[in-house]
Amino acid sequence: MTDGRERPTPSTPPDRVLSGTFAKDHERRYAHVPFDVPDGVRQLHVRYGYTDRIDSDPLITGGNTLDIGLFDERGIAEASPGFRGWSGSEKMEFTIDEGWATPPYRAGQIGAGTWHILLGPYKVGPRGCDWKVEIWFDPGIRSAWRMSGAVVGHREPDPLPEPRAGWLRGDLHCHTLYSDGDAWPQEMLHTAAEAGLDFLGVTDHNNVGHQLAYGPGGDGLPIVLPGLEVTTYGGHWNAWGTDRWWEFREPEARAVERTMRAAAESGAVVSINHPKPFGPPWEYAVFGGFHAVEVWNGPWPQLNTASLDHWDGLLRRGVRCAALGGSDTHYLHGRDVPPRHADSLGTPTTWVRAEASVPSILEALREGRSFVSESPRGPQLYLDPDRARTGRVAVEVRDGTGATLRLLGDGGVIASSSIDDPRWDATFEVPGGTRYVRAQLESSAGDVRALANPIWAERIWS
Ligand SMILES: [Zn+2]
């Protein structure tokens, strides 16, 4: 299998050379650099380079990180069909051919006219960023991407604890070679099957090319929720249930909220991702246009308390948004895992009450018929209105022995209980005037092990 990094560079001189400099005040502002493509071209190869290059990891500063993308002759407008792809700072060269392309770029016709290189100076260091882009027409490169990660079968997982009837478990956030991961979509899907997951949200950055490579899943594999991670310079958001790219070039709250609303209105489920330090964080003051917050990204101790605070703040303002979780898995092939990423699918796992179909799972996520736990093995945490008595809630915990249950409202802690049985349940009275109740399980170290979505007042007192 190709590791996805081998890149044949043409030995002939490039047909176009573009160059320039970004100063500090260009940081986080995209530029569109035009170049002309003549008639009859069937393959385009792009290579770029820049000075003082550093990794895109938000922990690293002092140099330059330059992102790249490509628009064809159909133009650079929002939602343009001419968007051929965006590879962040992951790939220093790529090929687009009529018949194939380097992931995540889109293969297809190379139309004559004005094309644009999209350049995003994510970080600009003190000495500025001198950049150069070289473009070849018809260099005759053969695909290094013929191996598409076809996987034959997978190991069945050890038996997992059963959820309640009608519940499914999945992971909502992962990356492949179609952005900054190291595996093919089919490898990711089979790894999700080995983890025992029923569904997988597929969220490469700013592209949808991975969706075709995943296929629909099901039939013995997890169901694929087709999505993407819209990656802007002020924060990331996920959309599932969409097959198009969404605007990412304007890192301003108003533009971001407008795009999120448009995605939601198109039928997608929209979530704010990892609003915590080094997530990278969420810098926009946005209080609507999304359904959910990725309160739990990777293992809990990785600063997810900050995301929980962000979500709690929204709930206390009366913003009705659901918590969900995603592992943000990038690497299946042993590269050192940066500490801010999980190294296994299902860390954490989001559980939904839904039928085994994409629309039903999306609806459960949208409505918060869900909870999040530390792994596909649980613990499981079910929070419901008490059917027997109004003004009370019912909690069921499975596989949570040793944890502490906290029942929380907009006014703070309502109740705490130690879980002393693998099958544990209880009901609790809710103080009058409470606007919502939610629940979480904590370890003795104070880490969250499971997190249930809120019940709002009208369902408690109905
Ligand atoms: Zn992200």
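1. A salt bridge is a side-chain nitrogen of Lys or Arg within 4 Å of a carboxyl oxygen of Asp or Glu. In this predicted model, the side chains of Arg47 and Glu134 meet in one, with 2.9 Å from N to O. Arg47 belongs to strand 3 (residues 43–50) and Glu134 to strand 8 (residues 129–137), so the pair ties together parts that are 87 residues apart in sequence. Strands are DSSP runs (E, at least two residues), numbered from the N terminus. Across the whole structure, a search finds 24 salt bridges. Side chains of opposite charge can pair when their charged atoms come close.

2. Some ground rules apply. Residues are numbered from 1 along each chain as its sequence is written, and side-chain values use heavy atoms, with hydrogens and water left out. Because the model is predicted, local features need pLDDT of at least 70 and side-chain atom pairs count only at pLDDT 80 or more, while totals for chains, interfaces and linings use all residues.

3. On confidence: pLDDT is the predictor's confidence in each residue, from 0 to 100. The protein chain averages 93, and 94% of the residues score at least 70. Over residues 1–5 the pLDDT is below 50, although this stretch has 14 contacts in the model beyond near neighbours in sequence. A contact means heavy atoms within 4.5 Å. Where pLDDT is low, the predicted coordinates should not be read in detail.

4. The domain assignment gives domain 1 (16–137) and domain 2 (167–378); such bounds come from an automatic or database assignment. The C-alpha centres of the two domains lie 26 Å apart. Domain 1 brings 24 residues to the contact and domain 2 brings 23 residues.

5. About 2,200 Å² is buried between domain 1 and domain 2, and carbon and sulfur atoms give 59% of this area. Buried area is the accessible area (1.4 Å probe) that two parts lose on being put together, summed over both. Arg28, Glu78 and Trp86 supply 28% of what domain 1 buries against domain 2, more than any other three residues.

6. Which residue forms a salt bridge with Arg28? The partner is Glu283, and the closest N and O atoms are 3.0 Å apart. Between domain 1 and domain 2 the count is 2 salt bridges.

7. On the side of domain 1 that touches domain 2, the elements giving two or more residues are strand 4 (65–71), strand 5 (83–88) and strand 7 (113–123). Strand 7 gives the largest share, 4 residues.
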